[in-house]
Amino acid sequence: FLWIATGAEGVKKYNQNFKSVAVDQTSENIREFAIGDYIKQILNSLSPKLKQAEVNVNYSHDFKIHSYPGALARIISNLIENSLIHGFEDIENGIIDIDIRKEGDWVKIEYRDNGSGIPADMIPLIFDPFFTTKRNLGGSGLGTHILYNLVTQTLKGRIKCIDTSMKGSCFKIDFPCKVHEEKD
């Protein structure tokens, strides 16, 4: 579920989440955190942008990982931005589902939306630098390329875009529950 704060208490909670996520995004520190709760913080920090979307998060409350929260924040934020800009362009009530689970020593995240989808012929290009369908509207084509690099290089994981026959978008991400710091 997604809880979006309202009223004075809501503004305070939003500001706390925003500050926490903003600090993580500028930091490359590894720490232990509850992944589902952290993704809820990310979503709360994005709540002003999520007026046209319902976000559902399915996770185990006791699932903690030792990883880069900043990279995870940028990944989730990037996926949501893509849903809002590309997927929900002509949709009034967008729905985003984020399923998080542990499988062995790996985090498995499935991100789905009910947007307009990605044409099958574009899926092989989706992570290429400068590939965009919105260049004429200011798109740089770097969003999914950065997303790919964050998952594969920073989190030492894998990401793939799944063909949904144009019934929304689906990304599957998996990475180790425990990332080890590399020594220079």
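## A buried pair

Lys108 is buried, and so is Asp174; buried here means under 20% relative accessible area, exposed means over 50%, and partly exposed is in between (1.4 Å probe, protein chains only). Lys108 and Asp174 form a salt bridge, with their closest N and O atoms 3.8 Å apart. The term salt bridge stands for a side-chain nitrogen of Lys or Arg within 4 Å of a carboxyl oxygen of Asp or Glu. This pair links distant parts of the chain: Lys108 sits in strand E5 (residues 106-113) and Asp174 in strand E7 (residues 170-176), 66 residues apart. Helices (H or I, at least four residues) and strands (E, at least two) are DSSP runs, numbered from the N terminus.

A word on what you're looking at: this is a predicted model, where local features need pLDDT of at least 70 and side-chain atom pairs count only at pLDDT 80 or more, while totals for chains, interfaces and linings use all residues. Residues are numbered from 1 along each chain as its sequence is written, and side-chain values use heavy atoms, with hydrogens and water left out.

Glu103 has 40% relative accessibility, so it counts as partly exposed, whereas Lys108, at 18%, counts as buried. Through shared partners, salt bridges join Arg101, Glu103, Lys108, Arg158 and Asp174 into one network.

## A salt bridge onto helix H3

The count of salt bridges comes to eight. One of them pairs Lys49 with Glu81, whose closest N and O atoms are 2.5 Å apart. Lys49 lies in the loop between H2 and strand E2 (53-58) and Glu81 in helix H3, so the pair ties together parts that are 32 residues apart in sequence. Lys49 counts as partly exposed at 46% relative accessibility, and Glu81 counts as partly exposed at 25%.

## How H2 meets H3

Helix H2 (residues 35-45) packs against helix H3 (residues 69-87) at an angle of about 55 degrees, and their axes are 10 Å apart. Axes are lines fitted to C-alpha atoms, for helices over the stretch in contact, and angles run from 0 to 180 degrees between N-to-C directions. H2 and H3 are therefore oblique to each other (under 35 degrees is roughly parallel, over 145 roughly antiparallel, 65 to 115 roughly perpendicular, and the rest oblique).

So who touches whom? On the H2 side, Ile35, Tyr38, Ile39, Ile42 and Leu43 meet Pro69, Gly70, Leu72, Ala73, Ile76, Ser77 and Ile80 in H3, where contact means heavy atoms within 4.5 Å.
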